[in-house]
Amino acid sequence: MSKQLPSIATALSSAQLAKHLEQSLSTLPLHQQSEQAWSELSASASAAGDYELMKRCAIARHTLKLADPTRTAHRAWDRAVLALRLGQAAQQAQDQPAVQQSLTAALAALSTHDPEQDLGFEDWLTLGEELIALDPSCFQAIAQSVQVQVQSLPLPIQRDAWVQLARLEAKSLYAQGQLDAALAKSAAGRFDLMQDQDDAFSAEVLLWLLEAQRTAEAAKLAFESVFNERQYSAQQACHLAYQQVQQPDADIYWDLTLAAAALLASPQGFCAPEYGLSIFQAYSQAAKRKQADHPALLMLEAHYQFHRLESVSQALRLYEQAAPQFEWLNSVVLFDIWRARIHVHGAKHALSLPFLAAPAAVWAYSTGLAVLELPDYFPQDRYATQEHVAGLAKQYYQIGLQLFEAFFATGQGQYESADIEVYAMLCESLELEGRLSEV
């Protein structure tokens, strides 16, 4: 019998269902209402184009915040969030005066000087992208507030904020139609920060580069993202590479991007795992026809020899040939090279071979940690003891320290040179207690 009865979702139109859910939520006592439920209803309202309901959901969520006595110190933040949500509803309704009114309210809430309110530069940065989405020209207000608040803080924290500001400025410029200016500014924002969960900004820059017809730069960035297995940007890179390799005279880095994704078992989803090896061979062969001695191709072939064929001597030959010209000697590659060196030459000779520096601070620190494990791989080689490899590890720590502090001072460096949490761990490893207090 129940199978013949239509569900509420099918019996009611989407508008009726939304009204029904709103009434159900509104009649509950505040302590029984859920912000998550109002949030989901707001998303449904947005999809249905019911912008008035979006506004009511925003007000209901704010009411729940006001009823929470533990949020007394966060009232200004809550007002800013309410204003943003009202502005987003107005923007979807194409009510520009209401958008500007909401933006003004959000900026005013964040600018409060009430000492009892827990507000800081991080709050401006957290809401920055949503503020810019309402009006890209408000970037200057964000930047001015952040710069004033960070100017007396330790340099690593200042640099972290400046990287975030660079991303916001690039997005603001792009939204205002200034593509070349956005790309110029993006270089200062393309660094991995402590709070980042993925590399979404690089994924956005990839699209900008293609829009600007700077395909060679886009191809190189795509390979960098995939080779280093960066979450999200690597997925975007594979998607774009698969399109670009179909073009005549496609840049070699598009082939190398797909070869790297297939070989490194990156979670890109463009091919089934069982086809990975054949796809690697197909795209590496395509790259070889374009430039057989390309350092990135040699590095991929070295990885294939080392991990798939276990031909360590051949892998080491390729590693040593590629390393001086390869831009992304990450900690995985460096550790593999040291393992291959010891396997082929023995620890005593291997540890006397030329030092291979990591080009990024986090890679240097991670390599230092990794090489301490070398004796576990070669227990029969008495020379490869903790004592012998400790000196090698310290060299990498020192390189990491130099790269971190050069980046903090100049804003120049590789993508993996900005994470202040790793910097703190590195300082601890080197027993540099004075620097720890800065982060």
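1. Three helices, namely α10 (179–186), α11 and α12 (215–227), each supply at least two residues of the lining of the second largest pocket in this structure, which is a predicted model. Among the contributors to that lining, α12 gives the most, with 4 residues. The second largest pocket has a volume of about 440 Å³, and of the 17 residues that line it, A187, R190, E217, L221 and E224 are the closest to its centre. By residue class, the lining of the second largest pocket consists of 8 nonpolar, 3 polar and 6 charged residues.

2. The largest pocket holds about 640 Å³ of space, and its lining is made up of 27 residues, with L125, Q164, R167, Q195 and D196 lying nearest its centre. Here the helices α7 (121–134), α9 and α11 each supply at least two residues of the lining, and the largest share, 7 residues, comes from α9. The lining of the largest pocket divides into 11 nonpolar, 6 polar and 10 charged residues. How do α9 and α11 pack against each other? Helix α9 (residues 155–175) and helix α11 (residues 200–211) lie at an angle of about 35°, with their axes 12 Å apart, and the crossing in which α9 passes α11 is left-handed. On the α9 side the contact is formed by R167, A170, K171 and Y174, which meet F201, E204, W208 and E211 of α11. The residues of this contact divide into 4 nonpolar and 4 charged, with no polar residue.

3. Most residues other than glycine have a negative phi. Q213, however, has a phi near 60°, a positive value in a residue other than glycine, and is found in the loop between α11 and α12. E310 likewise has a positive phi, of about 55°, although it is not a glycine, and lies in the loop between α16 (295–308) and α17 (312–322). Are these residues buried or exposed? Q213 is exposed, with a relative accessible area of 68%, and E310 is exposed as well, with a relative accessible area of 64%.

4. Helix α20 (residues 361–371) has 9 of its 11 residues buried, so it is largely enclosed by the rest of the structure. The buried residues of α20 are A361, V362, W363, A364, Y365, T367, G368, A370 and V371. Which helices do these residues pack against? Their partners are α18 (331–345), α21 (374–377), α22 (386–410) and α23 (420–429).

5. As for the chain as a whole, the protein contains 24 helices and 0 strands, and its C-alpha trace spans about 75 × 60 × 50 Å along the principal axes. Of its 439 residues, 48% count as buried. Among the contacts with a separation of 6 or more, 63% are accounted for by residues 24 or more positions apart.

Technical notes:
Residues numbered from 1 in each chain as written. Predicted model: local features only at pLDDT ≥ 70, side-chain atom pairs only at ≥ 80, totals over all residues. Heavy atoms only, no water. Axes fitted to C-alpha atoms, helices over the stretch in contact; angles between N-to-C directions. Left-handed = near helix turned anticlockwise from the far one by under 90°. Contact = heavy atoms within 4.5 Å. Nonpolar A, V, L, I, M, F, W, Y, C, P; charged D, E, K, R; others polar. 1 Å grid on protein atoms, 1.4 Å probe; cavity = no way out; pocket = protein on both sides within 12 Å on 5 of 7 lines; lining within 4 Å. Points joined across faces, edges and corners; volume = space filled by probe spheres on them. Buried < 20%, exposed > 50% of the residue type's maximum accessible area, 1.4 Å probe, protein only.
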